[in-house]
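Keep the sequence and the viewer open as you read.

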Amino acid sequence: MPIVAQSTETTDWVSRFADEVIEESERRASGAAKSVATAPVVVVASGLSPSGPIHLGNLREVMTPHLVADEIRRRGYTVRHLISWDDYDRYRKVPAGVPGVDDSWAEHIGKPLTSVPAPKGSAYPNWAEHFKAAMIKALAELGVEYDGISQTERYTSGVYREQVLFAMKHRGDIDAILEQYRTKKTPAKKQQGQKPVDEAELEAAEGSGAAAEDDGSSGSAGYFPYKPYCGRCEKDLTTVTAYDDDTTELSYTCTACGHFETVRLSEFNRGKLVWKVDWPMRWAYEGVVFEPSGVDHSSPGSSFQVGGQIVGIFGGKQPIGPMYAFVGISGMAKMSSSKGGVPTPADALQIMEPQLLRWLYARRRPNQSFKIAFDQEIQRLYDEWDKLAAKVADGAALPADAAAYARAVGTAAGDLPRTPRPMPYRTLASVADITAGAEDQTLRILSELDPENPLTSLDEVRPRLDKAETWINTQVPAEERTVVRDEPDTDLLKSLDDQGRESLKLLLEGLDSNWSLDGLTHLVYGVPKVQAGFAADATPKELPPEIKVAQRTFFALLYHLLVGRDTGPRLPTLLLAVGQDRVRKLLGA
């Protein structure tokens, strides 16, 4: 039975939220649902604004409900995971660092995102579609099942017309709720102590146009929870000057171009409810039971709290809405595809398998911050992941860890595609570094790692090999890349003392009989032990502390002779990569 078919109830944060969501969904159905067969469709939701690169912080907005929805599906319930593309939000600013975009895009500020031109050279019809595309592709690779909703399509086709008219009719009630908070200070968006300290950290909710939108317009004609987009310049720099509830005639003026217009709102589809009204309206319209939000939406007096009161006006209920914390990054040297200066899910998936990225979101509760590694830390994360996989296979993993693993490797629909033979990431990265991607050399080295079970095709280690190679090529600075010497360092060899020469002699004598990853590991660690009068297989408990110093000195010597610096890839991997003949030449044989 595949792991994904097993129930993970009561073992982790995902299953506990699934319990709450199922219970709340059945409560809303007035107790009619007494079994899975008669249960209502459970609706969870996410919202993404394609106002620029949709980054790894925004991904938590999707992964949190996705994991909960998937757990509910595993239990046999029908679930809809809605992703609302907030592509009818206003274009607020020209993001920095986006290829194909210059200062001329500032003329589009105030227009709907779907009315803004895509960056130069883009294959997509507008700004929103350009930035949605990369996220859609990443979600498919991550195995996220969802129903996508374009807010441009919803508003411009009149789907929300009755809700808009209802909100305008009850604007006084809405205004009264909002007035309770207008005199209070707006909570700081970035709260100290709730995020990791990292200059490159990502805020989970930053980039959402919703976060900064006001709660409506108040003028001489009163408060209105609706913003028209101008019929001439398409911008939302408009003010409603009159509205008639009976005829639905609405008049507005545009402060950007001076345009004035009177329209019939019952027939007019060029505008939208302001965010603090739009969000609760959607909760009621879609029957959303679960939707998380970032810290900026969850603070006292913010849109989630206010929406919890406004949703009642529309006859709905506020969803279960856990706050999710920030997602940080470590590293990221020069990822060329990272547009706008922030790494995206697509960037992460270039250097790590989808299972690892899913695991990073699954193993931490929503209110816990964590980092996604683009630097050397990715090797440690992969080591941890592989150790967990081994524990799960042996039945030795703790229940919560096993549950996070199950959620990472697949969904209720089945396992995600995986690397058939997952060799250590750090080994694959080292080999890719040394061979510069030469496939014949790569296959030779990898086939020698385990002579009793040699690799026969690089397809056995893909896609992990490709991810590791991309990491080496995009994230490791040139000065840290490994370049094997062409000729021996004769000066260094001549300067060696008797102990140094003896250590090289012992290593060279053992190459033939230890030419495998395990054998060379035993050999390079064993040479200093033998020189000190101990057995090569003596354990650390049997050895004095000086042995570790001797090992480090020996390793540094080998690195200088092979690659001309103090450190490099793990020595056993490096020796295999260089090959016996060349190793003997560079070590002065």
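**Ground rules**

This is a predicted model, so local features need pLDDT of at least 70 and side-chain atom pairs count only at pLDDT 80 or more, while totals for chains, interfaces and linings use all residues. Residues are numbered from 1 along each chain as its sequence is written, and side-chain values use heavy atoms, with hydrogens and water left out.

**The overall picture**

The protein has 23 helices and 16 strands. Both are DSSP runs numbered from the N terminus: helices are H or I with at least four residues, strands are E with at least two. Of the 589 residues, 52% are buried. Here buried means under 20% relative accessible area, exposed means over 50%, and partly exposed is anything in between (1.4 Å probe, protein chains only). Take the contacts between residues at least 6 apart in sequence: 71% of them join residues at least 24 apart. A contact means heavy atoms within 4.5 Å.

**A three-stranded sheet**

An open sheet is built from 3 strands in the order β1-β2-β3, with parallel pairing. Strands count as paired if DSSP finds at least two bridges between them. β1 (42–48) and β3 (147–150) are the edge strands, each with a single partner, so one side of each has no neighbour in the sheet. From one strand to the next, the twist averages 25°. For that angle, axes are lines fitted to C-alpha atoms (for helices, over the stretch in contact), and values run from 0 to 180 degrees between N-to-C directions.

β1 and β2 (residues 79–85) run parallel and are joined by 7 bridges.

**Helix α20, with a bend**

α20 covers residues 517–531, which makes 15 residues, and spans 22 Å from first to last C-alpha, close to the 21 Å expected at 1.5 Å a residue. The expected span is 1.5 Å times one less than the number of residues. Where does α20 bend? The bend is at Y525, by about 35°, and a proline, P528, follows within four residues. That angle lies between axes fitted to the seven residues ending there and the seven starting there.

The buried residues of α20 include L517, L520, V524 and P528. They belong to a buried set that packs against α16 (439–448), α19 (498–510), α21 (546–563) and α22 (571–578). As a reminder, an α-helix has 3.6 residues a turn, so residues three or four places apart point the same way. Just after α20, G533 has a positive phi of about 95°.

**Helix α13**

α13 (residues 377–394) has 18 residues and reaches 26 Å between its end C-alpha atoms, close to the expected 26 Å. I378, Q379, L381, Y382, W385 and L388 are its buried residues. Their packing partners are α11 (345–351), α12 (354–362), β14 (370–373), α14 (399–409), α15 (425–435) and α17. G395 follows α13, and its phi is positive, near 75°.

**A loop proline**

P451 lies in the loop between α16 and α17. With a relative accessible area of 47%, P451 is partly exposed. Which residues does P451 contact, leaving aside its neighbours within four places in sequence? They are W515 and S516. P451 and S516 are 65 residues apart along the chain, with their C-alpha atoms separated by 6.5 Å.

**Salt bridges**

The whole structure holds 43 salt bridges. The criterion is a side-chain nitrogen of Lys or Arg within 4 Å of a carboxyl oxygen of Asp or Glu. Three of these pairs are tabulated here.

| Pair | N to O distance |
|---|---|
| D415 and R418 | 3.3 Å |
| R462 and D459 | 3.7 Å |
| K585 and E487 | 3.7 Å |

The K585–E487 pair links distant parts of the chain: K585 is in helix α23 (residues 580–586), and E487 is in the loop between α17 (464–475) and α18 (490–495), 98 residues apart. K585 is partly exposed at 41% relative accessibility. Salt bridges with shared partners also tie D12, D19, E71, R75 and R407 into one network.

How exposed are the other partners? D415 is partly exposed at 39%, and R418 is partly exposed at 40%. R462 is partly exposed at 22%, whereas D459 counts as exposed at 52%.
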